[in-house]
Amino acid sequence: MKQNIIYRINPNTGEMGSFLDLPKAKNPGPTNSFGILGMDYSCDKKVMYVSSVSGSDLKTEYGRIFAISLNQGKPEIINQLNNIDGFAVCYGTLNSEKRLFFGRARTSDVYSIAVDEKGKFIGKPRFELTLV
């Protein structure tokens, strides 16, 4: 299955090709055909944040949120959060602190996690709000 592949369009030829195949925590099962659900890019850090629910099932979250450095031209996974089914991701600043915000796919909760100067996650996710 190709649910965890990030594709890139070649600006010279217009052809789409595989850019990065993200590792799965578990092979997909019959109850979940989804993979990547959210992406955002930090221009100041040159880091792409990607959420995937690949491998999750009805009872267990096996999803991951990846921090992918694009500094050297070749994508490199520099950090990841495990066992979180993130629905969307958004990099931003809150009270002068760089954070990655993400929605939980199984609830209406929004969490965030601090991000260091290289784009890596610091500490544990923090609950921010509920969209109810």
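Which residue does the side chain of aspartate 44 meet in a salt bridge? The partner is lysine 98, with 3.7 Å from N to O, where a salt bridge is a side-chain nitrogen of Lys or Arg within 4 Å of a carboxyl oxygen of Asp or Glu.

## Basis of the description

This is a predicted model, in which local features need pLDDT of at least 70 and side-chain atom pairs count only at pLDDT 80 or more, while totals for chains, interfaces and linings use all residues. Residues are numbered from 1 along each chain as its sequence is written, and side-chain values use heavy atoms, with hydrogens and water left out.

## Salt bridges

The structure holds six salt bridges. Aspartate 44 lies in the loop between strand 3 (36-42) and strand 4 (47-52), and lysine 98 lies in strand 8 (residues 97-104), so this pair ties together parts that are 54 residues apart in sequence; strands (E, at least two residues) and helices (H or I, at least four) are DSSP runs, numbered from the N terminus. Lysine 98 is partly exposed, with a relative accessible area of 30%, on a scale in which buried means under 20%, exposed over 50% and partly exposed in between (1.4 Å probe, protein chains only).

Another salt bridge joins aspartate 85 and arginine 106, whose closest N and O atoms are 3.0 Å apart. This pair links distant parts of the chain, since aspartate 85 belongs to the loop between strand 6 (76-82) and strand 7 (86-94) and arginine 106 to the loop between strand 8 and strand 9 (109-115), 21 residues apart. Aspartate 85 counts as buried at 3% relative accessibility, whereas arginine 106 counts as partly exposed at 37%.

## A linked network

Glu97, Arg99, Arg126 and Glu128 are linked in a network of salt bridges. Within this group, the side chains of arginine 126 and glutamate 128 meet at 2.9 Å, N to O. Arginine 126 is partly exposed, with a relative accessible area of 36%, and glutamate 128 is also partly exposed, with a value of 24%. Side chains of opposite charge can pair when their charged atoms come close.

## The largest pocket

The largest pocket holds about 180 Å³ of space. On a 1 Å grid over the protein atoms alone, a pocket is an open set of points where a 1.4 Å probe fits, with protein on both sides within 12 Å along at least five of seven lines, and lining residues have an atom within 4 Å of a point. Grid points are joined across faces, edges and corners, and the volume is the space filled by probe spheres set on the points.

The lining is made by Thr31, Asn32, Phe34, Leu37, Val53, Ser56, Asp57, Leu58, Asp85, Phe87, Ala105 and Arg106. These residues divide into six nonpolar, three polar and three charged.

Valine 89 lies in strand 7 and is buried, with a relative accessible area of 9%. Threonine 93 and alanine 114 are separated by 21 residues in sequence and by 9.5 Å in space, C-alpha to C-alpha.

Cysteine 43, in the loop between strand 3 and strand 4, is exposed, with a relative accessible area of 63%.

## Backbone angles in two loops

Most residues other than glycine have a negative phi. Asparagine 83, however, has a phi near 60°, a positive value in a residue other than glycine, and it lies in the loop between strand 6 and strand 7, where it is partly exposed at a relative accessible area of 45%. Serine 96 likewise has a positive phi, near 65°; serine 96 is placed in the loop between strand 7 and strand 8 and is exposed, with a relative accessible area of 75%.

Note on methods:
Ala, Val, Leu, Ile, Met, Phe, Trp, Tyr, Cys and Pro count as nonpolar, Asp, Glu, Lys and Arg as charged, and the others, Gly among them, as polar.
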